[in-house]
Amino acid sequence: MFSFFKKKSPPAEVPSAPAAASPAVSPTVSAPLAAQAPAPASTPTSAALSAAEATASAPATRQGWLDRLKAGLRKTGASITTVFTGTRIDDELYEELETALLVADTGVKATEHLLQDLKRRVKDSKATDPSQVKTLLADAITDLLQPLQKPLSIGDHHPTVIMVAGVNGAGKTTSIGKLTKHLADEGLSVLLAAADTFRAAAKEQLAVWATRNTVEIISQQGGDPAAVSFDAVSAGRARGRDVVLVDTAGRLPTQTHLMEELKKIKRVVQKADGTAPHEVLLVIDGNTGQNALAQVKAFDDTLGLTGLIVTKLDGTAKGGVLCAIAREKPIPVYFIGVGEKLEDLETFNAREFAQALLN
């Protein structure tokens, strides 16, 4: 399974070696291990075989994800790629491309940027065929999206407190469940905070994920969201957990009282841990297009977002919204999702996304 994040490991303790120690011995290997005779090379150990099998399966796993991403973005890409079926590179091609990008919810600013960049690339490369322009467009989109590509870092703080927000229906709680699964699979201990006390059955939905992933959950019957969050962070510190995931109530940016509640949750979390929250993530529905960009702006103004999770990109005609985000509000996209299964949430890669979009 492809790693979802950059895990910070504590520095290895290096035993002091005598002055006459052999320089061939790695400084990260303990002296007793270095003194042992090497294992026979002819018989690979089971651990070595497991590592080799994992290495071999990683590309296949990623390729399977890329195939699903391409299938998910096919509807968005279809209107764009048809522009390159002609035989000439002229003003008509660029006009059709502009329309296709706008229809894909790329946004005016990002569309203008991409067209200017593309024309420059076409001129510099002396391209003469529309198929070449398509390749150059993939390069331009990759460069535009590159600032969004960043791994989620775990381990700088103990626990790492991640606050997750989003509107109802964006897939927030499901995304938390998927992220919990992969964090647990990496050997990290996770504590969930059921701070979504606004929506009916939200606590129960999160509890199902907690049970499925065999992790603890902090919740209160009808409790105050900020109080639940405070208790969870305090419990995470006391119990030595690696990650505390705080699920907040889904809300629209226009619901002023609920947005104020988010500010309160953040303030109270900071009382439990002066450095927290260490990540503030927003889950957005890729089908909502430019409305998703409006959500990013509103929630960032309220909370100071550190990352995004973009869900439901499968079958959307508005996948170009990531370009709009990159141009107008370049907040890192940690994960993107194309379905309901655990393996349908993966790390964002700018090159992969651009190629899948124009497949």
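Which residues of α5 are buried? In α5, the buried set is Ala 110, Thr 111, Leu 114, Leu 115, Asp 117, Leu 118, Arg 121 and Val 122. Buried here means under 20% relative accessible area, with exposed over 50% and partly exposed in between (1.4 Å probe, protein chains only).

## The model at a glance

This is a predicted model, so to speak of ground rules: local features need pLDDT of at least 70, side-chain atom pairs count only at pLDDT 80 or more, and totals for chains, interfaces and linings use all residues. Residues are numbered from 1 along each chain as its sequence is written, and side-chain values use heavy atoms, leaving out hydrogens and water.

The protein chain has 13 helices and 10 strands. These are DSSP runs numbered from the N terminus: H or I of at least four residues for helices, E of at least two for strands. Of the chain's 359 residues, 47% count as buried. Take contacts (heavy atoms within 4.5 Å) between residues at least 6 apart in sequence: 78% of them join residues at least 24 apart.

## The nonpolar core

The largest nonpolar core has 101 residues, and Leu 145, Leu 245 and Ile 336 touch the most other members. Helix α6 (residues 130–145) gives this core its largest share, 8 residues. A core of this kind is a set of buried Ala, Val, Leu, Ile, Met, Phe, Trp, Tyr and Cys residues joined through side-chain atoms within 4.5 Å. In soluble globular proteins, nonpolar side chains tend to be buried together.

Setting aside residues up to four places away in sequence, Leu 245 touches Ile 162, Val 164, Ile 176, Leu 179, Thr 180, Leu 183, Val 190, Leu 191, Leu 192 and Ala 193. Asp 247 sits in strand β6 (residues 243–248) and counts as buried because its relative accessibility is 1%. With the sequence neighbours up to four places away left out, Asp 247 has contacts that include Val 164, Lys 172, Thr 173, Ile 176 and Asp 196.

At 1.5 Å a residue, the 16 residues of α6 should span 22 Å, and the end C-alpha atoms agree at 23 Å apart; the expected span is 1.5 Å times one less than the number of residues. Its buried residues include Pro 130, Val 133, Leu 136 and Leu 145, and the buried residues of α6 pack against α3 (74–81), α4 (91–103), α5 (108–125), α12 (321–328) and α13 (350–357).

With α13, the packing angle is about 140 degrees and the axes are 8 Å apart. Axes are lines fitted to C-alpha atoms, for helices over the stretch in contact, and angles run from 0 to 180 degrees between N-to-C directions. Ala 138, Asp 139, Ile 141, Thr 142 and Leu 145 of α6 meet Ala 350, Arg 351, Phe 353, Ala 354 and Leu 357 of α13.

## Back to α5

Just after α5, Lys 126 takes a positive phi of about 60 degrees.

α5 and α6 pack at about 130 degrees, axes 9 Å apart, whereas α5 and α12 pack at about 90 degrees, axes 8 Å apart. The latter angle makes α5 roughly perpendicular to α12 (under 35 degrees is roughly parallel, over 145 roughly antiparallel, 65 to 115 roughly perpendicular and the rest oblique). On the α5 side, Lys 109, Ala 110, His 113 and Leu 114 make that contact, facing Cys 323, Ala 324, Arg 327 and Glu 328 of α12.
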